[in-house]
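Good morning, everyone. Please take a moment with the sequence and the structure before I start.

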Amino acid sequence: MKPLLALLACAALAQAGTGRAAWLRYAPLDETARAGYRELPDVVVALSGEPEVESAQAEWIRGVRRMLGRVPRIERTPPNENAVVLRVDGTLGPGAYALRDTAANGHRVLLVAGGDGSGVLYGVFDLLRRMALGEPIRGIDETHRPYQPIRWVNQWDNLDGTIERGYGGRSLFFEGGNVAADMTRVSEYARLLASIGVNACAINNVNANPRVLAPDFLPQLARVAAAMRPWGVKLVVSVDFASPKTQGGLDTFDPLDPRVAVWWKAKTDEVYRAVPDLAGFLLKADSEGRAGPSTYGRTHADAANVIARALTPHGGVLLYRAFVYNHHADWRDLKADRARAAYDNFHPLDGKFDANVVLQIKHGPIDFQTREPVSPLLAGLAHTNEAMEVQITQEYTGQQRHMVFLGSMWKQVLDFEMGWPNAETKVKDLVSGRAAGRALGGMVGVANVGRDENWLGSDLAMANLYAFGRLAWNPDLSVERIADEWSRMTFGGDGRVWGTVADLLLASWRTYERYTGPLGTGTLTDILHTHYGPDADSSERNGWGQWHRADHEGMGMDRTVATGTGYTSQYPKKVAAMYESLTTCPDNLLLFFHHVPYTYKLHSGETMIQYVYDVHYQGAAEAEEFARRWGLLRGLVDEDRWERVQKQLDYQAGHAAVWRDDLNAWFLRMSGIPDARGRIGHQPGRIEAEAMTLEGYTPVEIHPAEAASGGKAVECAAAVCRASFRYTGEAGRRTVRVQYLDENDGASTYRLFVNGQQVDAWTADMWLPSKQPDSNTSTRRSVRGLALRPGDEITVEGHPDSGERAGLDYVEVVR
């Protein structure tokens, strides 16, 4: 390898090890791949001075230098030699770009023309992506336009530096009540967003702190905008609807009060003086306790329009969240249905919103569950702009500790045929505005990246950010293509590596669904607190409306017109008819739409209850296979990254078993119908901690009982405690799995001994989202390759720390 390429390879490896470079590693190409770009021009010319074009030129140089070991020369005017030419051509339209490999005056010209500066930048990123994938660019002649104008991310960052539903560290944007001093990571984030076509970022929580509009805060917002501007990513600010009262000193925030309208106009003008290219505002109102127009008996259209009219002179857009529902609903009322809320609130107002208002609608009617039907509101607005909101951060899908590739879910949603206004109309055409001939529309992703080196707390979770951007730009891309691109650009050219990663990603969503909430039950998680571990009962008998109506006879929400809440009537006729009938309702949404007995036969012929048992075992087994397959890649991936991913997938496999055991025990208790295969409660090789010989450890009841094997665990109230047992299986090499409780109120340490010899030691420092010994904190440590003989004594030693009591649930010995 040439010296420069060797140096660049070392630099790329270092960045790859932390994950900070994400998919923009630009790893040096091998000799065969480099040969395809040997005739690439050595000169780059930018024919306009927009900041995005300057960034595009710098990015081209960076990418070519890292991948090819060559440093393109900058010229100010077209030279009399081969050149890469970057220029703006406004006829292409906003964000669009053309790639042309042509000849002029006897020289090769690789032209990147953009409808604006962002279009040029997108075109350069496209060329560099093709090079990273080893795809030809010689003779290219293509034009690309974004499918939809709104391709925004939301950050739920708080001014104190925390991030609501964020799992990748503290905020890039805020710290201690102010904008962070160092904008380096903000600029890097904007570069990542630009590379996938994202054009705006709402930087603060939708549960907005009114201080963001304070006069002394606006210069701070201007610093953020300045950091993102070179990458074509515009600033969006989430606002509090009560701001005219809390910030403006008025005695009201009634949207029809003229004083309120005057205040919003003056404040918006002030914001635009600080940030002239502000994309607009984001508003959450009358939702989960937020101030809204209902305080004064006004409508959502009244609320949206008073702010939108203040934005209009500046070309700004208001995204108004349609996530409005009653979180104090009466669970005893069988007609009550949270799923109806968005449509019931906003469909009657269709056509009453101003032209620069866009309703931001969650893709499903509940709240980012593992699987939901498409929101009927997406087909319920003939005269109103809409954008579909998805969640990149994995609030209900494993919180980045579980690998779940959500691109598969989003693609399925985008391709779903809604049957309005035409029979074949798909969701992608509704949200883009194309179906109704509207100029505004698009996709919004709740990203919540943080200061962790790998942005989201997990190397694999970054596939979701990448997939969001690619699908927002072009929803016709296949998920297979997207997974392939991301895996190759993130993990390099070894086909064994990126092929395995892509396979795991594509299987992961359905695997997670299997071991969590199949048949349209959502996730069956703890909805009251953590939104993480299993707790099916938490959905019931409260006002949050995520009920599944389970009893000892059957389960599921009856949402039919005939006998239920009537929710199915909100869909266009073709879709409504499909969901209304048990005959045509797909099994994967059965319990979302119908209440059926446990013995109900699915389309496959299986009973509902046996299917639930089987797929929980299947999903947990698939999670084990994820970890095994990644393990085979050791030595083919830089060690730091291999180790991080292996740790994540090992954890996921262990927690999938927690989900399996918890929910299968719950379904058995509810239905009284045993597993036909006799697996529930019978775990070969498992020794319950409370059945071991205990020194210092004390058995405790766990609530709910399904959250621990046998309903019990042991905790240590001394300085050190031990739990021991004798191995009774056959001699041979075995894996010992220790199921322990890693709470977030301490960092206990553990040691594992065989016949007094220490074979492993670890610290419970994952800081899982609970202070309780329960399904959220149940964690597995696996020690492989132990040579065991009958009669060997196995001991787990726990050292508690702070409020964490070195909890222990069980130990398993497996082949």
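Where is Gln 400 found? It is in the loop between β15 (385–391) and α11. Keep in mind that this is a predicted model.

Why start there? Look at the backbone. Phi of Gln 400 is near 70°, a positive value in a residue other than glycine. Gln 400 is also buried, with a relative accessible area of 3%. Now go to Leu 519. Its phi is near 65°, again a positive value in a residue other than glycine. Leu 519 sits in the loop between α15 and β17. Leu 519 is buried, at a relative accessible area of 3%.

Buried or exposed? Ser 539 is buried, and its relative accessible area is 3%. What does Ser 539 touch, leaving aside residues up to four places away in sequence? The contacts are Thr 525, Ile 527, Gln 546, Trp 547 and His 548.

Next, cis peptide bonds. One joins Trp 420 and Pro 421, with omega about 0°. Pro 421 lies in the loop between α11 (407–414) and α12 (427–431). Another cis bond runs from His 703 to Pro 704, with omega near -10°. Find Pro 704 in the loop between β21 (697–701) and β22 (712–716).

On to the rings. How many aromatic pairs does the structure hold? It holds 30. Take Tyr 122 and Trp 473. Their ring centres are 5.2 Å apart and their planes stand at 75°, so this pair is edge-to-face. Tyr 122 belongs to helix α4 (residues 117–132) and Trp 473 to helix α13 (residues 462–473), so the pair ties together parts that are 351 residues apart in sequence. Tyr 122 is buried, at a relative accessible area of 5%. Trp 473 counts as buried as well, at 8% relative accessibility.

Compare Phe 323 and Tyr 325. Theirs is a tilted aromatic pair: 5.1 Å from centre to centre, with 50° between the planes. Phe 323 is buried at 9% relative accessibility. Tyr 325 is buried, with a relative accessible area of 9%.

Rings also gather in a cluster. Ring pairs link Phe 173, Phe 174, Tyr 189, Phe 217 and Trp 455.

Some rings carry a charge over the face. Arg 401 lies over the face of Tyr 532, at 5.1 Å from the ring centre. Arg 686 has its charged end over the ring of Tyr 810, 3.8 Å from the centre.

Now the core. Nonpolar side chains tend to be buried together in soluble globular proteins. Here, the largest nonpolar core has 195 residues. Which of them touch the most other members? Trp 23, Trp 60 and Tyr 189 do. Helix α18 (residues 608–631) gives the most to this core, with 10 residues. Zoom in on Trp 60. Its contacts beyond four places in sequence include Leu 40, Val 44, Pro 72, Val 84 and Met 131. There is a second, separate core of 26 residues, and among its members are Tyr 740, Ala 764, Val 783 and Leu 788.

Helix α6 is worth a stop. It covers residues 218–228, and its buried residues include Leu 218, Leu 221, Val 224 and Met 228. What do the buried residues of α6 pack against? They pack against β9 (178–179), α5 (184–195), β10 (200–202), β11 (234–239) and α8 (258–274).

Last, a sheet. Five strands form an open sheet in the order β20-β23-β28-β25-β26, with antiparallel pairing. β20 (693–695) and β26 (757–763) are the edge strands with a single partner each, so one side of each has no neighbour in the sheet. On average, neighbouring strands are turned by 15° against each other, direction ignored. Look inside the sheet. Strand β25 (residues 749–754) pairs with strand β28 (residues 793–799) over six bridges, in the antiparallel sense. Thr 749 stands opposite His 799 in β28.

One more residue: Leu 741, in strand β24 (residues 732–741). Leu 741 counts as buried at 3% relative accessibility. Leu 741 and Leu 808 are 67 residues apart along the chain, yet their C-alpha atoms are separated by 6.0 Å. Leu 741 also touches Leu 808, and its other contacts include Ala 713, Tyr 750 and Pro 773.

That is the tour. Thank you.

Technical notes:
Residues are numbered from 1 along each chain as its sequence is written. This is a predicted model: local features need pLDDT of at least 70, side-chain atom pairs count only at pLDDT 80 or more; totals for chains, interfaces and linings use all residues. Side-chain values use heavy atoms; hydrogens and water are left out. Rings of Phe, Tyr and Trp (its six-membered ring) pair if their centres lie within 6.5 Å; planes under 30 degrees apart count as stacked, over 60 as edge-to-face and the rest as tilted. Helices (H or I, at least four residues) and strands (E, at least two) are DSSP runs, numbered from the N terminus. Buried means under 20% relative accessible area, exposed over 50%, partly exposed in between (1.4 Å probe, protein chains only). A charge sits over a ring if NZ of Lys or CZ of Arg is within 6 Å of the ring centre and within 35 degrees of the ring normal. Two strands pair if DSSP finds at least two bridges between them. Axes are lines fitted to C-alpha atoms, for helices over the stretch in contact, and angles run from 0 to 180 degrees between N-to-C directions. Contact means heavy atoms within 4.5 Å. A nonpolar core is a set of buried Ala, Val, Leu, Ile, Met, Phe, Trp, Tyr and Cys residues joined through side-chain atoms within 4.5 Å.
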